[in-house]
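This briefing is meant for someone meeting the structure for the first time.

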Amino acid sequence: MKEKNLLAELAAYLFSHSDNETGRTPSERELAEHFGVSRGQIREALAILEAMRIVERRAKSGMYIDTKQASVEAMALFARAGLPLDPIQIYETVELRKIHEIKAAELACSRATEENFERLREILKASEERIAAGEGLAKEDREFHLEIVRATKNSVFHNVCSVYYMMGEQRLPIYFNDPERSVRSHAEHIQIYEALLRRDGNLAQALMSAHLQGAESYWKGLIEGHGEEPQSPTLERA
């Protein structure tokens, strides 16, 4: 079993098979038997989950699951494993994403190459075709925003922002189910692209901020009960 698959499946298994009252996880031996791998592999995987603050090792007691302290990377792992995410955590992540992507728009204005602009044009063209076909822009939206981050030429920046989109992988298609939202988002993408092309950092930041306000308002509406409710319960343990 590949390490990434083991991590995601192990996280899901721990969440559903840990003690409901204490959060204590099954033993390394039990986990190794369940997944058909060595205890060494389980130990390594648990060490990674511990670094992500998904589990906590307590001396002479064992491992305990604690999703409340989970890192952003851990929440992305939960999403990949099909575990439900707390809407409040996602909203807070959307706030953080907004801060990062506004800065990315500014940096991209001075660092983007023709290769980046060509890729953005391709994405915008694909978006037009999607809209014409009556389809949502979940894939193109992700690609557009991450291409702008890629244009900053900062690989760590890109890796961090990629995590945000992993977390929203299940939700983005639902967000873009509304055809008007796809049309509006595409029009705003064009404006951002044109600001980048003009190397106007102030305008690009302002447009990106206004654009991301839509996603922020969407999640705020869900939390306050004014929007569409999530289809799954949160990560809060009963």
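Helices here are DSSP runs of H or I with at least four residues, and they are numbered from the N terminus; by that numbering, V149 lies in helix 7. The model is a predicted one.

**Nonpolar cores**
- The largest nonpolar core has 27 residues, and those that touch the most other members are L120, F144, I148, L196 and M208.
- Two or more residues of this core come from each of helix 5 (87-111), helix 6 (114-132), helix 7 (138-150), helix 8 (155-167), helix 10 (179-197) and helix 11 (201-224), with helix 5 giving the largest share, six residues.
- Once neighbours within four places in sequence are left aside, M208 is in contact with E101, I102, A105, H145, I148 and I192.
- Another core, which lies apart from the largest one, has 19 residues, including L7, A32, V37 and V55.

- Not counting residues up to four places away in sequence, V149 touches A104, F157, H158 and C161.
- Although V149 and K103 are 46 residues apart along the chain, their C-alpha atoms are separated by 9.0 Å.

**Positive phi angles**
- Most residues other than glycine have a negative phi.
- K60, which is not a glycine, has a positive phi of about 60 degrees; K60 is found in the loop between strand 1 (55-58) and strand 2 (62-65), and it counts as exposed because its relative accessibility is 92%.
- K153, also not a glycine, has a positive phi of about 65 degrees; K153 has its place in the loop between helix 7 and helix 8, and at 47% relative accessibility it counts as partly exposed.

**Salt bridges**
- The count of salt bridges comes to 17.
- R119 and E143 meet through their side chains in a salt bridge of 3.3 Å, N to O; since R119 lies in helix 6 and E143 in helix 7, the pair ties together parts that are 24 residues apart in sequence.
- E140 and R130 form a salt bridge whose closest N and O atoms are 3.0 Å apart, and because E140 lies in helix 7 and R130 in helix 6, this pair ties together parts that are 10 residues apart in sequence.
- Within that pair, E140 is buried, with a relative accessible area of 4%, whereas R130 counts as partly exposed at 28% relative accessibility.
- A network of salt bridges links E28, R39, R43, E50 and R57.

Methods: Residues numbered from 1 in each chain as written. Predicted model: local features only at pLDDT ≥ 70, side-chain atom pairs only at ≥ 80, totals over all residues. Heavy atoms only, no water. Core = buried A, V, L, I, M, F, W, Y, C linked by side-chain atoms within 4.5 Å. Buried < 20%, exposed > 50% of the residue type's maximum accessible area, 1.4 Å probe, protein only. Contact = heavy atoms within 4.5 Å. Salt bridge = Lys/Arg side-chain N within 4 Å of Asp/Glu carboxyl O.
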